Amino acid sequence: MRSLVLLALVVLALLLQSTVFAIFQVAGVKPDLILMLVVFNGFLQGSREGAFLGFLAGLLQDFFTGSYIGLNALTKMLAGYLVGLAEGRLYKESVVLAAIMTFLTSIVSQFAYYILLFYLGIQVPPLIAVLQVIIPTAIYTSLLVPLAYWKFMRSNEKGWLRYREP
C-alpha cells in the first residue's frame with residue numbers, strides 16, 4: 001500500500017509540476033515538487049528511505065522530462081539521504097523546520113545538478129545559475145511546504161506512508 005501511495009504522489013507531483021506550475025512560474029522558475037516529496041519522506045523516514053525514494057522519483061522525472069537520464073536520480077538521491085540524516089535529530093512536527101530543510105536541500109540538490117551538467121560539458125555561467133535558478137527554485141519550493149507538509153505527515157502517521165519492517 002505504501003509503495004503505491006508514494007508512486008501515485010510522485011506521478012501527481014510530476015503532472016502538477018509540468019502542467020499547473022508551468023503556468024504559475026515566478027521569474028521563469030517553477031517549484032521542484034519531486035524534491036519536496038523526497039525531503040518529506042527522508043525527514044520522516046530516514047536517510048535510507050529518503051535516498052531510495054529520491055533515486056526512484058528522480059529517475060521517473062528523468063524519463064518523464066526527457067532530460068539526461070540519471071542526473072535527477074543522483075541529485076534527488078543525495079537530497080533524500082542528506083535530509084534523512086536529520087530524521088531522528090529534529091522536531092518533525094515543525095513545518096518551519098521542514099521548509100528550512102527543503103530550502104537547504106534544494107540548494108544542495110540544484111548545485112549538485114549544476115556540477116554534473118558542468119562535467120557533461122554543459123556550461124551555464126555560475127552567477128546566472130545561482131541567482132536565476134538555484135536560489136529562486138529553493139525559495140519557491142520551500143514556500144509551498146506549509147501547503148503540503150501537514151497532509152504528508154498525517155498520512156505518514158496513519159500508516160499509509162510509514163515503512164514497516166517485514
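Reader: Which residue does the side chain of Lys-76 meet in a salt bridge?
Author: This is a predicted model, in which local features need pLDDT of at least 70, side-chain atom pairs count only at pLDDT 80 or more, and totals for chains, interfaces and linings use all residues. Residues are numbered from 1 along each chain as its sequence is written, and side-chain values use heavy atoms, with hydrogens and water left out. A salt bridge is a side-chain nitrogen of Lys or Arg within 4 Å of a carboxyl oxygen of Asp or Glu. At 3.0 Å from N to O, the partner of Lys-76 is Asp-32.

Reader: How many residues apart in sequence are the parts that Lys-76 and Asp-32 tie together?
Author: Helices (H or I, at least four residues) and strands (E, at least two) are DSSP runs, numbered from the N terminus. Lys-76 belongs to helix α5 (residues 71–84), while Asp-32 sits in the loop between α2 (20–23) and α3 (33–45), so the pair joins parts whose separation in sequence is 44 residues.

Reader: Are Lys-76 and Asp-32 buried or exposed?
Author: Buried means under 20% relative accessible area, exposed over 50%, and partly exposed in between (1.4 Å probe, protein chains only). By these limits, both Lys-76 and Asp-32 are buried.

Reader: How many salt bridges does the count come to?
Author: Glu-87 also takes part in a salt bridge, with Lys-92, where the closest N and O atoms are 3.0 Å apart. Glu-87 is partly exposed, at a relative accessible area of 26%. The count of salt bridges comes to two.

Reader: Which residues does Glu-93 touch, not counting those up to four places away in sequence?
Author: Glu-93 is placed in the loop between α5 and α6 (95–119), and its relative accessibility of 33% makes it partly exposed. Contact means heavy atoms within 4.5 Å. The residues touched by Glu-93 are Trp-150, Met-153 and Glu-157.

Reader: Which residue's backbone oxygen does the side chain of Arg-89 reach?
Author: Arg-89 is found in the loop between α5 and α6 and is exposed, with a relative accessible area of 68%. At 2.3 Å, its side chain reaches the backbone oxygen of Leu-85.

Reader: Which element gives the most to the nonpolar patch?
Author: Leu-7, Val-11, Leu-15, Leu-60 and Phe-64 make a nonpolar surface patch of about 400 Å². The elements giving two or more residues to this patch are α1 (2–18) and α4 (47–65). Patches consist of residues with over 30% relative accessible area and no salt bridge, like charges being joined within 9 Å and nonpolar side chains (Val, Leu, Ile, Met, Phe, Trp, Tyr) within 5 Å; areas come from the Shrake-Rupley method with a 1.4 Å probe, only the protein chains shown counting as cover for residues. With three residues, the element that gives the most is α1.

Reader: What is the phi of Ala-27?
Author: Ala-27 lies in the loop between α2 and α3 and counts as exposed, at 75% relative accessibility. Although Ala-27 is not a glycine, its phi is positive, at about 55°.

Reader: How many aromatic pairs does the count come to?
Author: Rings of Phe, Tyr and Trp (its six-membered ring) pair if their centres lie within 6.5 Å; planes under 30 degrees apart count as stacked, over 60 as edge-to-face and the rest as tilted. Phe-40, Phe-43, Tyr-149, Trp-150 and Phe-152 form one aromatic cluster. The count of aromatic pairs comes to seven.

Reader: How are the rings of Phe-40 and Tyr-149 arranged?
Author: Their centres are 5.0 Å apart and their planes stand at 70°, so the pair is edge-to-face.

How values were computed: A polar contact is a pair of N or O atoms within 3.5 Å; within protein, one must be able to donate a hydrogen and the other to accept it, and residues adjacent in sequence count only if both atoms are side-chain atoms.
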